[in-house]
Amino acid sequence: MIELHFCEYNRSNQDYDTISRPSGSGDYLLLLLKTPMKVYLREGLSVTRENACILYTPGYPQHYQAVRRFCNSYLHFSSGEDPADRPAENSGKCPAETLAEDPSENIAQRFCIPENEIFYPPDPQELDVYFQRLQQEFFSSSPYREEAIHCLVTELFIALSRSLCHPAAQKEEMAALYPAFQKLRLEMLTNCEQDWSLERLCRRVSLEKSQFYSYYHSFFSSTPKGDLLQVRLEKAKTLLSNEALQVGEAARLCGFDSPAHFSRYFRKYCGCSPTEYKNRERSFPVG
């Protein structure tokens, strides 16, 4: 049975904070580093990108420092009885059969997860969902809490192993999905005044939210919300420049439910209010 000692989801420390445990933490530590970090391993210093992972084994030195902002999700856990502590006996079972009876033992080797080295999971959002659920379960007092934690940690490692061990299959899946995403994105941006909720987008391509978000970002290096907001604001600028419309009507035609929200976004991205922009644009004579 996997025993979870502590976990946190989306934990922020002070800027430039350093974690240093020269003798390790005495248990396994799985880190999802959401911000760039300086990680000191026995091979030397590495500076990670966002969403790097590392699985520290018990006793391995842990030393990492935020490049600036510090944010991570993590699990401290042990993975069952140490086989060295068991009485020597000949059960007649092969190691694979023994491992199958207690799948928590040697969890990194069982699921082919790199140990004490930096790696980058293809879908960090999927992992973060598990960190969040594990934190909720850890602090709960629900029945079968320990069993639920064991299952969730195992599911996390299965998801991580599948994403790392099958890159060719992932590339094929991405190639198959790209045309559907491209068509959907074009429809969304062409009809930006419509309500494009994440649920609606996910239904169109039959994916879960975390999967959809990950694929969208991989394909377009942006988010649906960011793309939609940009094209709505560009349409608003055109309407305010060329049409005799009130600000509220322009907001509605661009898909904003609230004129107040529209004005706030417009000022943030355009540097002035919609009214100021309208008056400025219409004050220039048409040549």
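Entry 1: I began with Phe256, which counts as buried because its relative accessibility is 9%, and buried means under 20%. I keep in mind that this is a predicted model. I then looked up Phe262, which is buried as well, with a relative accessible area of 0%.

**Entry 2: ring pairs.** My search of the whole structure for aromatic pairs found 22. One of them joins Phe181 and Phe212, a stacked pair with 5.0 Å from centre to centre and 25° between the planes. Phe181 and Phe212 are both buried. I went back to Phe256 and Phe262, whose ring centres lie 5.1 Å apart with the planes at 50°, and so I wrote this pair down as tilted. I also followed the ring pairs from one residue to the next, and found that they link Tyr178, Phe181, Phe212, Tyr215, Tyr216, Phe219 and Phe220 into a cluster.

**Entry 3: helix α4.** I next turned to helix α4, which covers residues 145-165, 21 residues in total. From its first C-alpha to its last, α4 reaches 30 Å, close to the 30 Å expected at 1.5 Å a residue. I listed the buried residues of α4, among them Ile149, Leu152, Val153, Leu156, Phe157 and Leu160, and I noticed that Arg145, His150 and Thr154 are also on the list.

**Entry 4: α3 against α4.** How do α3 and α4 pack, and at what angle? I found that helix α3 (residues 124-138) packs with α4 at an angle of about 170°, with the axes 10 Å apart. Because angles over 145 degrees count in this way, α3 is roughly antiparallel to α4. On the α3 side, I recorded Glu126, Leu127, Tyr130, Arg133, Leu134, Glu137 and Phe138 as making the contact. On the α4 side, the contact is made by Arg145, Ala148, Ile149, Leu152, Val153, Glu155, Leu156, Ala159 and Leu160. Sorted by class, this contact has 11 nonpolar and five charged residues, but no polar ones.

**Entry 5: Asn72.** Is Asn72 buried or exposed? I located Asn72 in strand β8 (residues 70-78), and it counts as buried because its relative accessibility is 2%. Setting aside neighbours within four places in sequence, I found Asn72 in contact with Glu8, Tyr9, Asn10 and Arg11, with Leu31, Leu32, Leu33 and Lys34, and with Tyr64.

Methods:
Residues numbered from 1 in each chain as written. Predicted model: local features only at pLDDT ≥ 70, side-chain atom pairs only at ≥ 80, totals over all residues. Heavy atoms only, no water. Helix = DSSP H or I, 4+ residues; strand = E, 2+ residues; numbered from the N terminus. Expected span 1.5 Å × (residues − 1). Buried < 20%, exposed > 50% of the residue type's maximum accessible area, 1.4 Å probe, protein only. Axes fitted to C-alpha atoms, helices over the stretch in contact; angles between N-to-C directions. Parallel < 35°, antiparallel > 145°, perpendicular 65-115°, else oblique. Contact = heavy atoms within 4.5 Å. Nonpolar A, V, L, I, M, F, W, Y, C, P; charged D, E, K, R; others polar. Phe/Tyr/Trp six-rings, centres within 6.5 Å; stacked < 30°, edge-to-face > 60°.
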